[in-house]
Amino acid sequence: MEAGSFPVTIRASRDEDVEAMLAIYRHHIGRGVDLSLVHESEPLQPHDLKRRRRNMRNYRLPHLVADRGGAVVGYAYAVLFRKRPAYRYTLKHSIYVHPEHQHSGVGRMLLVSLIDNCAAAGYRQMIGYIDAANKPSIQLHQSCGFRQVGYLCSVGYKFGNWTDVVMVQRSLGSGGTTPPHVWLIAPTGNDSQ
Ligand SMILES: CC(C)(COP(=O)(O)OP(=O)(O)OC[C@H]1O[C@@H](n2cnc3c(N)ncnc32)[C@H](O)[C@@H]1OP(=O)(O)O)[C@@H](O)C(=O)NCCC(=O)NCCS
């Protein structure tokens, strides 16, 4: 049976998933940023990702993987939008799908589950920053209820070109129409991102 023909399930990530998540991350970051810069900056290490996951659990922040026949084919997570306590009901998020499993519905499953988990934990707004050239991600977010709320010009520099970023947002639960009913923990450390 081909790996791609197994059904996909979305579940919480585990420490054993870290290497697979890092491989997916490195693939995309290598394509999205000039590789010479990747080598200069500190590469993300397995222990960084494990510590980040543990820290996120304290804030009831979902860190999810897409599992296809026992293989991690994508992952998604949300972090606090800003560390100041006033912003503790607002998140920003990231999604990465394995290059061999793109455009087969994995990204949508991850994003829908991430939205549901963040809403269930009591968060009220989700924000995404997307490279303006990343049409698949922009379309995916639009189809999951995000709307464009900003356009940031020339904020990135990749492969010799300035790049723009589209900012998207969607409400979770009752959004800004009712006061929060869950008292979320205000961030303390500097490791929640
Ligand atoms: C963006 C990304 C997460 C989408 O995940 P995916 O699993 O490929 O997307 P899905 O198969 O679930 O498709 C969902 C929707 O996204 C859009 N989409 C996905 N791939 C697309 C493509 N190649 N061209 C145009 N639209 C596309 C479509 O609207 C699609 O809905 P449809 O199948 O009904 O047409 C994935 O391509 C990825 O990991 N990209 C690299 C990392 C990245 O850019 N992350 C997002 C940063 S904000």
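From the N terminus on, the elements of the protein follow the order β-α-α-α-β-β-β-α-β-α-β-β, which comprises five helices and seven strands, where helices (H or I, at least four residues) and strands (E, at least two) are DSSP runs numbered from the N terminus. The model is predicted, so that local features need pLDDT of at least 70 and side-chain atom pairs count only at pLDDT 80 or more, while totals for chains, interfaces and linings use all residues. Residues are numbered from 1 along each chain as its sequence is written. Of the 193 residues in the protein, 26% are buried, a residue being buried if 20 or more other C-beta atoms lie within 10 Å of its own, exposed if 12 or fewer, and partly exposed in between, with C-beta atoms placed from the backbone.

**Strands E2, E3 and E4**

- Strand E3 (71-80) is mostly covered, with eight of its 10 residues buried.
- E3 pairs with E2 in the antiparallel sense over six bridges and with E4, also in the antiparallel sense, over seven bridges, two strands being counted as paired if DSSP finds at least two bridges between them.
- Glycine 74 in E3 is the bridge partner of alanine 66, and glycine 74 also stands opposite valine 97 in E4.
- The hairpin formed by E2 and E3 has two residues between the strands, and in its turn glycine 69 has a positive phi of about 60 degrees.

**The largest nonpolar core**

- The largest nonpolar core has 30 residues, and those with the most contacts inside it are Leu64, Tyr75, Ala76, Leu110, Leu114 and Cys118; such a core is a set of buried Ala, Val, Leu, Ile, Met, Phe, Trp, Tyr and Cys residues joined through C-beta atoms within 7 Å.
- Two or more residues of this core come from each of helix H1 (18-32), helix H3 (46-58), strand E2 (63-68), E3, E4 and H4, and E3 gives the most, with seven residues.
- Alanine 76, not counting residues up to four places away in sequence, touches Leu64, His93, Ser94, Ile95, Leu110, Leu111 and Leu114, where contact requires C-beta atoms, placed from the backbone, to lie within 7 Å.

**Helix H4**

- The 15 residues of H4 should span 21 Å at 1.5 Å a residue, and this agrees with its end C-alpha atoms, which are 21 Å apart; the expected span is 1.5 Å times one less than the number of residues.
- Val106, Gly107, Leu110, Leu111, Leu114, Ile115, Asn117 and Cys118 are buried in H4, and what covers the buried residues of this helix includes strand E1 (8-12), E2, E3, E4, E5 and H5.

**The shell around the ligand**

- The ligand is surrounded by 20 residues, of which the closest are Gly107, Arg108, Pro136, Gln139 and Leu140; a residue is near a molecule if its C-beta atom, placed from the backbone, lies within 6 Å of it.
- Strand E4 (90-97), helix H4 (106-120), strand E5 (125-131) and helix H5 (135-143) each supply at least two residues of this shell, and H5 gives the most, with six residues.
- By class, the shell has seven nonpolar, 11 polar and two charged residues, with Ala, Val, Leu, Ile, Met, Phe, Trp, Tyr, Cys and Pro counted as nonpolar, Asp, Glu, Lys and Arg as charged, and the others, Gly among them, as polar.

**Lysine 50**

- Lysine 50, found in helix H3, is partly exposed, with 14 other C-beta atoms within 10 Å.
- Leaving aside neighbours within four places in sequence, lysine 50 is in contact with Asp15 and Val18.

Methods. Contact = placed C-beta atoms within 7 Å.
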